[in-house]
Amino acid sequence: MPKTATATKKTSTAAQQLETLIGSEIMWATLVGEGTDTVFGYPGGAILPAYDALRKYPVHHVLVRHEQGAAHMADGYARASGKVGVAVATSGPGATNLVTGIATAMMDSTPIVCITGQVSSKLLGSDAFQEIDITGITLPITKHNFLVTRAEEIAPAIRSAFQIAQTGRPGPVLVDITKDALQGSAHFDFAAAQPAPHRPHPMLKAESAAMEEAIELIKHAKRPIILAGHGILLSGASQVVRQFAERHHIPVASTLLGLGAFPASHPLSLGMMGMHGESWVNNAIQKSDLLLAFGMRFDDRVTGTVTTYAPHAKKIHVDIDPYEINKIVKVDVALIGDLRQVLTTMLPLLPAKKDTSWLDEVNAMKGDASVRDIVNLPDSGHLYAAHVLNDLWRETKGDSIIVTDVGQHQMWEAQYYKHDSPRSLITSGGLGTMGFSMPAAIGAKFACPKKDVWVIAGDGGFQMTAAELSTAVQENLDLNIAIINNGFLGMVRQWQELFYQKNYACTPILSPDFVKLADAHGIPGLKVTKRADVIPAVRKARAHKGVFLLDFHVEREDGVYPMIAPGAALHDMVRRPKRDPLMEVPEDL
Ligand SMILES: Cc1cc2nc3c(=O)[nH]c(=O)nc-3n(C[C@H](O)[C@H](O)[C@H](O)COP(=O)(O)OP(=O)(O)OC[C@H]3O[C@@H](n4cnc5c(N)ncnc54)[C@H](O)[C@@H]3O)c2cc1C
Ligand SMILES: Cc1ncc(C[n+]2csc(CCOP(=O)(O)OP(=O)(O)O)c2C)c(N)n1
Ligand SMILES: [Mg+2]
């Protein structure tokens, strides 16, 4: 497995791999065996043996500027590709810097493996230099973690980590390897290190009682809605969900993380549900008599107050994780298993239906809201974030991977960029991690080098991980960055406006001149202040080979609407104030 024959003989099959390697070589050989060709990391003392051995293996190492970036890059890589992303860090501060990225991956069920160096096993527990109990720290934010103290344990631990990360409900796994384990030697046998086969949840049979019950509920429903979640993407179920919806003519609402799982341009697609979902989507859910929750977990951003959530609806929940069933919303039928398998079994049982009356009713609720929307307004001289996101969609549609940060711009992206294909939106939903977008986009670009990849960040969040600009340049990446610059921590300012009497405490934020910052990195950039300049700027960025930064100076005190206030019901949406120049008005209800 090593690139050169100096350390050990090159081998090609698992049977030939019975050879003695040092622990650090075992680490890379196992990663290569698992299909890893790119890792994101940062060196240091405890992990140094691994870096010393790296040159022998066909693995590209991306040197990040902060280990949080390594975890987000692994996460972005995994979300864009469906494969496991790998991050590497040293002990102590290197390991603790990974924590936010690991938690982000945990909350959104992303399969990543993080490998950390640890002090030598004889020093464990002695407060040695850069010793930290990273397995203890990450216990609640990993699916599983390992402390490896012997070279012979490295391959089994890493192989188990890959298996755990990607089977069932995916998630992050950490492997902490002591320096003496990396420096020791052991026989390397990739095949023998394979963990026992994962025992999946027993497959639901077509004749099972739950399946029959679900079909009966669907047959009798007059106002059914599919709630399309992230599990569709994780399960690769987009195609079967589409067949399912089309066969019985069921409208589809998406969670933030489910956007792209069902094409936005499909006539059955309603749009995003929840706190900043479209009014007609939330109202349709409240009127529905049957919810079909496909790979979504009824997050509080999705339900509003649970006691008043979809009061007339029976509920069917399809999820791979039994602990998600009845966790937030009590359901009538639970189908536990992989979504693609469950729906593939269920589809032949589902009668075809042509009745469009429910969809017509929902479309009537929509009215002409979309026609009167901001994006159709004549240019008033103001640049709204909605313009930027909508023009970006018009210019790039179908072609790009959009990686957002967290805040108002993230919600405007969800509202105004229409995602038609799976894995075309990468965003931190559950943890809502500012600083996610720049590093996650680097990871996505490594996963899909031919794709046009865009960072959409707020002026606040971009500053949290802007150091990764250097990483993108060092790696010669072709990446586009759009900063939605409103001079505020906008989402928090919006809450202050609505719920704290406009006390804008600590939310106005000073930023550097982002174009000059880009220039300091050798990156060309443009400041955009007018609507007419948006599309030409987007074209320029796309035509440029390399990193390009666009700094969009938008309305400073714009709001994301509709909005469900904390503690309110899903239908109780705060609407855009009438005096606002934007067009959405209460009649859109
Ligand atoms: C500022 C902000 C505002 C937000 N506003 C909104 C909003 O308005 N609307 C909204 O929807 N979200 C919003 N979110 C996101 C929200 O917090 C949640 O992250 C999101 O709703 C979760 O979507 P999900 O349940 O589809 O995905 P996840 O949380 O990733 O859950 C996926 C589910 O799929 C299951 N699953 C995984 N694999 C499979 C498989 N193979 N088969 C079957 N099931 C599987 C998992 O067990 C899990 O239950 C917001 C986030 C932020 C940061
Ligand atoms: C690491 C982190 N710290 C704090 C928050 C709380 N928070 C959520 S949105 C937001 C404001 C984001 O501001 P900006 O990046 O400028 O985006 P905008 O909302 O203005 O589009 C803050 C502070 C968070 N989500 N993540
Ligand atoms: Mg901002």
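User: Which residue of S18 is the bridge partner of Ala-457?

Analyst: In this predicted model, the partner of Ala-457 in S18 is Ile-483. The two strands concerned are S17, residues 452-458, and S18, and they pair in the parallel sense over five bridges.

User: What makes S17 and S18 count as a pair?

Analyst: Two strands pair if there are at least two bridges between them.

User: How many bridges join S18 to S20?

Analyst: Six bridges join S18 to S20, residues 548-553, and these strands run parallel. Within S20, Phe-548 stands opposite Asn-480, and Asp-551 stands opposite Ile-483. Ile-483 is also the bridge partner of Ala-457.

User: Why is S18 called largely enclosed by the rest of the structure?

Analyst: S18 covers residues 480-485, and six of its six residues are buried, so the strand is largely enclosed by the rest of the structure. Buried means under 20% relative accessible area. Asn-480, Ala-482 and Ile-484 point one way, Ile-481, Ile-483 and Asn-485 point the other way, and all are buried. In a regular strand the side chains alternate between the two faces of the sheet.

User: In what order do the strands of the open sheet of six strands lie?

Analyst: The order is S16-S15-S17-S18-S20-S19, with parallel pairing. The edge strands are S16 (425-426) and S19 (525-528).

User: What makes S16 and S19 edge strands?

Analyst: Each of S16 and S19 pairs on one side only.

User: Which helix packs on the sheet, touching S15, S17, S18, S19 and S20?

Analyst: That helix is H23, and its direction makes about 165° with that of S20. H23 spans residues 534-543 and also packs against H16, residues 385-396.

User: Why is H16 called oblique to H23?

Analyst: Two packed helices are described by the angle between their axes and the distance between the axes. For H16 and H23 the angle is about 50°, with the axes 9 Å apart. That angle makes H16 oblique to H23: roughly parallel needs under 35 degrees, and roughly perpendicular needs 65 to 115. H16 passes H23 in a right-handed crossing.

User: Which residues of H16 and H23 meet?

Analyst: From H16 they are Val-388, Asp-391, Leu-392, Arg-394, Glu-395 and Thr-396, and from H23 they are Val-534, Ile-535, Val-538, Arg-539 and Arg-542. By class, this contact has five nonpolar, one polar and five charged residues.

User: Which residues of H3 meet H18?

Analyst: From H3 they are Gly-69, His-72, Met-73, Gly-76, Tyr-77, Ala-80 and Ser-81. These meet Pro-439, Ala-440, Ile-442, Gly-443, Ala-444, Phe-446 and Ala-447 in H18. The contact has nine nonpolar, five polar and no charged residues.

User: How do you know that S12 is mostly covered?

Analyst: S12 runs over residues 290-294, and five of its five residues are buried. Leu-290, Leu-292 and Phe-294 point one way from S12, while Leu-291 and Ala-293 point the other way.

User: Which strands are joined to S12 by bridges?

Analyst: S9 (residues 224-228) is joined to S12 by five bridges and runs parallel, with Leu-292 in S12 as the bridge partner of Ile-226. S13 (residues 314-319) pairs with S12 in the parallel sense, again over five bridges, and Lys-315 in S13 is the bridge partner of Leu-291.

User: Is Leu-347 buried or exposed?

Analyst: Leu-347 has a relative accessible area of 11%. The limit for buried is under 20%, so Leu-347 is buried. Its place is in the loop between H14 (339-346) and H15 (357-366).

User: What does Leu-347 touch, not counting residues up to four places away in sequence?

Analyst: Leu-347 touches Val-240, Gln-243, Phe-244 and Arg-247.

Methods: Residues are numbered from 1 along each chain as its sequence is written. Chains are lettered from A and ligands numbered from 1 in the order in which they are written. This is a predicted model: local features need pLDDT of at least 70, side-chain atom pairs count only at pLDDT 80 or more; totals for chains, interfaces and linings use all residues. Side-chain values use heavy atoms; hydrogens and water are left out. Buried means under 20% relative accessible area, exposed over 50%, partly exposed in between (1.4 Å probe, protein chains only). Helices (H or I, at least four residues) and strands (E, at least two) are DSSP runs, numbered from the N terminus. Axes are lines fitted to C-alpha atoms, for helices over the stretch in contact, and angles run from 0 to 180 degrees between N-to-C directions. Angles under 35 degrees count as roughly parallel, over 145 as roughly antiparallel, 65 to 115 as roughly perpendicular and the rest as oblique. A crossing is left-handed if the near helix is turned anticlockwise from the far one by less than a right angle, and right-handed if clockwise. Contact means heavy atoms within 4.5 Å. Ala, Val, Leu, Ile, Met, Phe, Trp, Tyr, Cys and Pro count as nonpolar, Asp, Glu, Lys and Arg as charged, and the others, Gly among them, as polar.
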